[in-house]
Amino acid sequence: MIINLLAAAGAAAPKGENPYGLIPALREGGLISQTVFAILVLMSVVSFYILFSKLFEQQKVINQHKRMRQGFWNSTSLREGSAKLEKNSAYKQLVDDGLTAQEQHSRLTDPVEAHDWLHGSLARSEAAINSKLGSGLAFLATVGATSPFIGLFGTVIGIYRALIKIGAAGQASIDAVAGPVGEALIMTALGLVVAVPAVLAYNWLQRRNKAIAEDLSAFSNDVLGYLASNGNVKPAIASATTGAAPRPTTPVKPAATTTAGQTGGVQTRP
């Protein structure tokens with residue numbers, strides 16, 4: 001009876017329509033194939049949504065880093081520099097958390113080294129930013145790892161249906177197996193089409209997150225040095241943005257000194 005219904009459906013197909021296309025294959029595959037197809041499509045849509053949303057979020061932090069380099073360290077204090085940054089800037093969050101930790105250190109009843117307290121607070125703030133940037137990437141990794149197997153499940157179902165049709169027909173004719181085998185191949189291809197972009201997006205976003213994390217770590221270290229020295233230590237970028245030459249260091253008499261970055265690394269002796 002099922003074979004008669006499938007034959008009737010094929011006969012009722014409009015003239016010129018491909019009986020082995022995606023829609024006929026899904027129609028013939030039934031609920032299981034349609035469910036597998038829906039899951040793969042959903043995974044693909046969510047993967048691309050995560051890709052574009054994370055690219056936008058990462059580019060926002062990269063732009064914040066560029067604006068921070070332009071004038072932050074030219075400020076007379078960290079509070080003044082923080083006021084120059086935009087409200088939701090990741091770098092403003094680091095500065096504000098560092099200033100808050102400095103204020104809280106004087107209220108501690110158990111003595112803790114100021115450097116350790118500030119370093120821990122900045123590291124916690126930095127980890128929170130990195131965690132937010134990395135949210136959603138686990139889904140991309142999951143899609144890249146599981147979607148080929150979901151497509152393979154559709155392939156197994158298609159081959160199973162082909163074997164049933166061969167047994168019911170009593171002979172292995174092309175008409176009996178072309179539809180289910182075509183359905184199986186389509187599911188395999190869909191699984192790969194969903195997996196490959198997800199894996200590429202995951203690796204690309206991870207690499208960009210690593211570069212952003214390196215910039216955040218360098219800035220956090222600069223803020224820690226500024227707080228620990230009461231503003232006497234600033235990064236070299238402050239001199240580069242103002243155009244002023246770095247302050248010369250006093251050479252130690254017993255040993256030769258090198259003024260790298262000022263005289264091209266040429267050794268000078270007292």
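1. Rings of Phe, Tyr and Trp (for Trp, its six-membered ring) form a pair if their centres lie within 6.5 Å; planes under 30 degrees apart are called stacked, those over 60 edge-to-face, and the rest tilted. By this criterion the structure holds six aromatic pairs.

2. The model is a predicted one, in which local features need pLDDT of at least 70 and side-chain atom pairs count only at pLDDT 80 or more, while totals for chains, interfaces and linings use all residues. Residues are numbered from 1 along each chain as its sequence is written, and side-chain values use heavy atoms, with hydrogens and water left out.

3. Phe48 and Phe52 are both in helix α2, four residues apart, about one turn of the helix. With ring centres 6.4 Å apart and planes at 25 degrees, the pair is stacked. Phe48 is partly exposed at 36% relative accessibility, and Phe52 is exposed at 54%. Here buried means under 20% relative accessible area, exposed over 50%, and partly exposed in between, with a 1.4 Å probe and protein chains only.

4. Which parts of the chain does the pair of Tyr91 and Phe219 link? Tyr91 is in helix α4 and Phe219 in helix α7, so this pair links distant parts of the chain, 128 residues apart. The ring centres of Tyr91 and Phe219 are 5.1 Å apart and the planes stand at 80 degrees, an edge-to-face arrangement. Both residues are buried, Tyr91 with a relative accessible area of 1% and Phe219 with 2%. Ring pairs also join Phe72, Trp73, Tyr91, Phe219 and Tyr226 into a cluster.

5. The largest nonpolar core has 23 residues, of which Phe72, Trp73, Leu78, Phe219 and Val223 touch the most other members. Such a core is a set of buried Ala, Val, Leu, Ile, Met, Phe, Trp, Tyr and Cys residues joined through side-chain atoms within 4.5 Å. At least two of its residues come from each of α2 (22–71), α4 (90–105), α5 (114–134) and α7 (174–228). Helix α7 gives the largest share, seven residues.

6. Leu78 is in contact with Phe72, Trp73, Val95, Leu99, Val223, Tyr226 and Leu227. Ser125, in helix α5, is in contact with Gln93, Leu94 and Asp97.

7. Ser125 is buried at 5% relative accessibility, and its side chain makes a polar contact of 2.6 Å with the side chain of Asp97. A polar contact is a pair of N or O atoms within 3.5 Å; within protein, one must be able to donate a hydrogen and the other to accept it, and residues adjacent in sequence count only if both atoms are side-chain atoms.

8. Four salt bridges are found in the whole structure, each being a side-chain nitrogen of Lys or Arg within 4 Å of a carboxyl oxygen of Asp or Glu. Among them, Arg79 and Glu103 have their closest N and O atoms 2.3 Å apart. Arg79 lies in helix α3 (residues 78–84) and Glu103 in helix α4, so the pair ties together parts 24 residues apart in sequence.

9. Another salt bridge joins Glu57 and Lys54 (3.1 Å, N to O), which are three residues apart in helix α2. Glu57 is partly exposed at 21%, whereas Lys54 is buried at 7%.

Conventions. Contact means heavy atoms within 4.5 Å. Lists of a residue's contacts leave out its neighbours within four places in sequence.
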